Amino acid sequence: MDSQCTDSSPVCDSTAHACRGCSDDSECAGGICLESEGTCKADAEVFFVANVGVDSGACTRNAPCATIPFVLAKPQPQYKTIHILGGTYAIGASTLEISQAAYIEGSNPIITASVNGPVFHFQFSLGMGVLNDVTVVGGNTPSNNPAITVDGATVQIYGATIKRGVRMMSGNVSISKSTFTDPTVAVSGVDCTSGTVSIDTSSFTASKITSTGCTLTLSRSRFNESTDSCFLASGGKVVIENNLFNAQSELLDCGEVDAALAGSTVRFNTFANLSDLVADGRALSCDASLDVTSNIFAWGSTAPHGPTTCAPKYSLYDTANTTAVPPTSFSGNASTFFVNKSAMDFHLAPNSPAIGMAQTGLTVTTDLDGNPRPSPDGSTPDVGAYEAP
């Protein structure tokens, strides 16, 4: 029974017969689950806002306030939980300036703006700002405006959909279980010019990552690109592992890393191009500052990586590659790599040449799906984003 569980793990899982964190509002008696923390909140601990609300009073569920700035101006408590009611929440023509730590969430409301700038601007030095289970749609004018900007703050984005991206000038941003898309391909899904950004279990469609001098960690995420690149990193420490990069254009250059700091690596990723045309688009451009190991390059490219100082180890190439395969790497027919490439199922086929051929001794213990790496029946991990079952 839930009553036997603790506040930190409030849900009794009937299948596992163990207490766990909540994952949906319906699992909480008060109707508010903070999914990024897995904890429940009672209505008395939450401020409610809605476009039909009025900026007065206590901002309760039955009498919500209208604006987030009104809630933030309240003296108590210092760290506020704000729940957005309704399917949409329009903020008007002014950017939401978040100058203090706050947890902003809802049951996936669509947050829109007519603002000539970002929808959210996070700028504070103490505490954390959270966007949880919301959709943020950036304005269209000018076309290079992101939906969210972060300047010196610590921000967590969890279970969100971001249309037109996040621009990070400084601070720390962690992103999990979120979706990025930009219908105009005018801005990056994540654009970092200073600070630390960590991205996990997220998806990017027509949306890329750019990092200049930042500490970037990208893991267990999926990219579906058609006209633009996947990631571009220059300087800083860069760790890119357990990701799937999928493209449909034979001319597409997917990733580039240069002048990276010590410890930077691209490992256990799958680069797959579905165009079925042999061309010269590069899956990865990199220099000698980067350690590249245990990736699948099924890119249909005559030169899937470069320049010559970038020498992937323990990596699998398709036979479209016409350049010399680096030592410890190998090539094969791409039709044998995956369960069903044309259906975009890039799990390893039962007899895939990637099985058991990755580098050993690396600190990567799971695959893109979260399964053990290496798999329980193998002593050597598999090449690419997925371990074979």
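Predicted model: local features only at pLDDT ≥ 70, side-chain atom pairs only at ≥ 80, totals over all residues.
The protein chain contains 1 helix and 37 strands. Its C-alpha atoms fill a box of roughly 70 × 50 × 35 Å along the principal axes. The radius of gyration is 23 Å; a compact globule of 389 residues would have a value near 21 Å, so the two agree. Of the 389 residues, 51% count as buried. Among contacts with a separation of 6 or more, 46% link residues 24 or more positions apart.

The surface was examined next. The protein chain exposes about 15,800 Å². Carbon and sulfur atoms supply 53% of that area. The side chains include 18 positive and 36 negative ones. The centres of these two sets lie 3 Å apart.

Strand E9 spans residues 102–106. It is mostly covered, with 5 of its 5 residues buried. In a regular strand, side chains alternate between the two faces of the sheet. In E9, Ala102, Ile104 and Gly106 lie on one side. Tyr103 and Glu105 lie on the other. Both faces are covered, and the residues on each are all buried.

E9 has pairing partners in E6 and E12. Strand E6, residues 80–84, pairs with E9 in the parallel sense over 5 bridges. Within this pairing, Ile84 has Gly106 of E9 as its bridge partner. Strand E12, residues 129–132, also pairs with E9 in the parallel sense, over 4 bridges. Here the bridge partner of Ile104 is Leu131 in E12.

Two cis peptide bonds were examined. One joins Gln76 and Pro77, with omega about -15°. Pro77 sits in the loop between helix H1 (68–72) and E6, and E6 is itself a parallel partner of E9. Another cis bond joins Arg373 and Pro374, with omega about -5°. Pro374 belongs to the segment after strand E37 (345–348).

Positive phi values occur at Arg164 and Met344, neither of them glycine. Phi of Arg164 is near 100°. This residue is found in the loop between strand E15 (161–163) and strand E16 (166–176). Arg164 has a relative accessible area of 3%, under the 20% limit, and is therefore buried. Phi of Met344 is near 60°. Met344 lies in the loop between strand E36 (338–340) and E37. Its relative accessible area is 43%, between the 20% and 50% limits, so Met344 counts as partly exposed.

Notes. Residues numbered from 1 in each chain as written. Heavy atoms only, no water. Buried < 20%, exposed > 50% of the residue type's maximum accessible area, 1.4 Å probe, protein only. Helix = DSSP H or I, 4+ residues; strand = E, 2+ residues; numbered from the N terminus. Pairing = 2+ DSSP bridges. Rg over C-alpha atoms; globule rule 2.2 N^0.38 Å. Contact = heavy atoms within 4.5 Å. Areas by Shrake-Rupley, 256 points an atom, 1.4 Å probe, with all protein chains shown as cover. Lys, Arg positive; Asp, Glu negative; His and termini not counted. Charge placed at Lys NZ, Arg CZ, Asp CG, Glu CD.
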